[in-house]
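Look at the sequence and the model together before reading on. The text below goes from the domains to the salt bridges and then to the backbone.

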Amino acid sequence: MSEPLLRALNRMRGLILDPDVLVKAVASGRQKGEEPPPWRRVELRYVDLKAGRHLQVTKYDATQAFTSNHSISSDSDDARAAVDELIDLAFGHWNVSTTTEDHALRVTKRLEAVVATTPPAAPREVTRGHDQPKARLLPEDDPVFVELGISDGDGRLKPSRQAKYRQVEEFLRLLDASVTEALVKGHLRRPTAEEPLRIVDLGCGNGYLTFAAQRYLTSVRGLPVVVTGVDVKEQSRDHNSAVAARLGMSAEFVAGTISDAELAERPEVVLALHACDTATDDALARAVEWEVPLVLAAPCCHHDIAAQLRKTPTPSPYAMLTRHGILRERLADTLTDALRASLMRLQGYRVDVVQFVESQHTPRNTMLRAVRTGGPVKGGAVRKEYDDLVTTWGLEPRLGELLGA
Ligand SMILES: C[S@@+](CC[C@H](N)C(=O)[O-])C[C@H]1O[C@@H](n2cnc3c(N)ncnc32)[C@H](O)[C@@H]1O
């Protein structure tokens, strides 16, 4: 099945830029009707040099190979820039081999992507030495992580905080890809120093994501952004404001509920990481009210629909789906997020539901990624699908109420 080219290329880009998983990537061929790439073929892999691990790029023209090595250190954009330059060329094929999968991306005549993903014939292990720091979006010793207590005073990740670090890192990875795509496709405006991109983190808690997003997008991506964190707890605002002052970071923190918090200006990106239960619905409804172009929400516990499923008789012939508590809870999670996605589509958003961190690290690993591509949709198949589902199951989703659906 085909998918938007940019989205598929962004996924390949993420794999190529992960030195822990990439075995080899090869770009070749050309896209129909586009300017042919200047190289017949390009190969990318990681090599351990005296100066540390580097991304090695070998470009082949008709007669020769040209090899260059690019730093992956956190304070350099070298490897990232090299990959972005190649991704921008109109290659017709990308074959990306990782330690666990082979991805073959083919560009169709309509400039969409078809990606075939297969396991490798035999298990792969890539050994590149153990003494190099892992290339991360934000390194463990970033002052943000030290200040937030994820890393110790020497910049070493605390064993007890590994899950949080990974969660923030993976969220940033999706934020990075989503912002890039939204900028390229014109869903988000290009920010300037005078008019930075306005990002709000709803239910920000201790601000891990708020600070990490600010640091990554400004320092690593070079995108001017201003972040605001909203949390109902005053203690959260006070703590985070003090952290921002110590880091010398311009981040605003507001104490208030997601539904009612007053922001100086409408945000353009809404983030919500594990806002509890229906607070995710509040965040999505707020995003719709603000007509926010990009929303990334990773829901937390799903009590609301779970409670409704317990109280409402299960429609025939689905009784066995709700008989056992554990299955009923899982069904409630699925229903909640499917209904949220459907409601956001009705509001003119293109929605993906993706896994943002591996399930062995946390079961709360679903992310709703919504990009505003049009105005509210009236009637039609999406509406009918939504109505049929809630009627059959006798459900009243909180987001539906908030949006007057
Ligand atoms: C599980 S924590 C997640 C914090 C943070 N996003 C993170 O992932 O590290 C949920 C946070 O949402 C806040 N929260 C829950 N409901 C809220 C609401 N309706 N309005 C504002 N904040 C809310 C809580 O106070 C808590 O700090």
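How many residue pairs are in polar contact between domain 1 and domain 2? In this predicted model, the count is four residue pairs, both residues being at pLDDT 80 or more. On the side of domain 1 that touches domain 2, helix 1 (residues 5-16) gives the most, with four residues. That side of domain 1 divides into two nonpolar residues, one polar residue and four charged residues.

The domain assignment places domain 1 at 2-118 and domain 2 at 143-402. Their C-alpha centres are 30 Å apart. Contact between the two involves seven residues of domain 1 and ten residues of domain 2. The size of an interface is often given as the accessible area lost when the parts come together. For domain 1 and domain 2 the buried area is about 790 Å², with 48% of it on carbon and sulfur atoms. Of the area that domain 1 buries against domain 2, 55% is supplied by L6, R7 and N10, more than by any other three residues.

Charged pairs also span this boundary. Three salt bridges are counted between domain 1 and domain 2. R13 and D176 form a salt bridge, with their closest N and O atoms 3.4 Å apart. Both R13 and D176 belong to a network of salt bridges that also links D77, R80, D84 and R221.

Over the whole structure, the search finds 35 salt bridges. Side chains of opposite charge can pair when their charged atoms come close. One of these pairs is D281 with R340, at 2.7 Å from N to O. Because D281 lies in helix 7 and R340 in helix 10 (residues 325-346), the pair ties together parts that are 59 residues apart in sequence. D281 is buried, its relative accessible area being 3%, and R340 also counts as buried, at 3% relative accessibility.

E43 and R41 meet through their side chains in a salt bridge of 2.9 Å, N to O. Here E43 is buried, with a relative accessible area of 17%, whereas R41 is partly exposed, at 29%.

A further salt bridge joins the side chains of R266 and E291, at 4.0 Å from N to O. The pair links distant parts of the chain, 25 residues apart: R266 is in the loop between strand 11 (251-255) and strand 12, and E291 is in the loop between helix 7 and strand 13. R266 counts as partly exposed, at 45% relative accessibility, and E291 is partly exposed as well, with a relative accessible area of 44%.

E291 leads on to the backbone. Most residues other than glycine have a negative phi, and most peptide bonds are trans. E291 is not a glycine, yet has a positive phi of about 55°. H274, also not a glycine, has a positive phi of about 60°. H274 lies in the loop between strand 12 (269-273) and helix 7 (279-290). Is H274 buried or exposed? With a relative accessible area of 12%, H274 is buried, because buried means under 20%.

Where the chain runs from S316 to P317, the peptide bond is cis, with omega about 0°. P317 is in the loop between helix 8 (303-311) and helix 9 (319-322). The loop between helix 8 and helix 9 also holds Y318, which counts as partly exposed at 34% relative accessibility. From C-alpha to C-alpha, Y318 is 48 Å from R221, and the two are 97 residues apart in sequence.

Key:
Residues numbered from 1 in each chain as written. Predicted model: local features only at pLDDT ≥ 70, side-chain atom pairs only at ≥ 80, totals over all residues. Heavy atoms only, no water. Helix = DSSP H or I, 4+ residues; strand = E, 2+ residues; numbered from the N terminus. Buried < 20%, exposed > 50% of the residue type's maximum accessible area, 1.4 Å probe, protein only. Domains from an automatic or database assignment. Contact = heavy atoms within 4.5 Å. Buried area = accessible area lost by both parts, 1.4 Å probe. Polar contact = N/O pair within 3.5 Å; in protein donor to acceptor, adjacent residues only side chain to side chain. Nonpolar A, V, L, I, M, F, W, Y, C, P; charged D, E, K, R; others polar.
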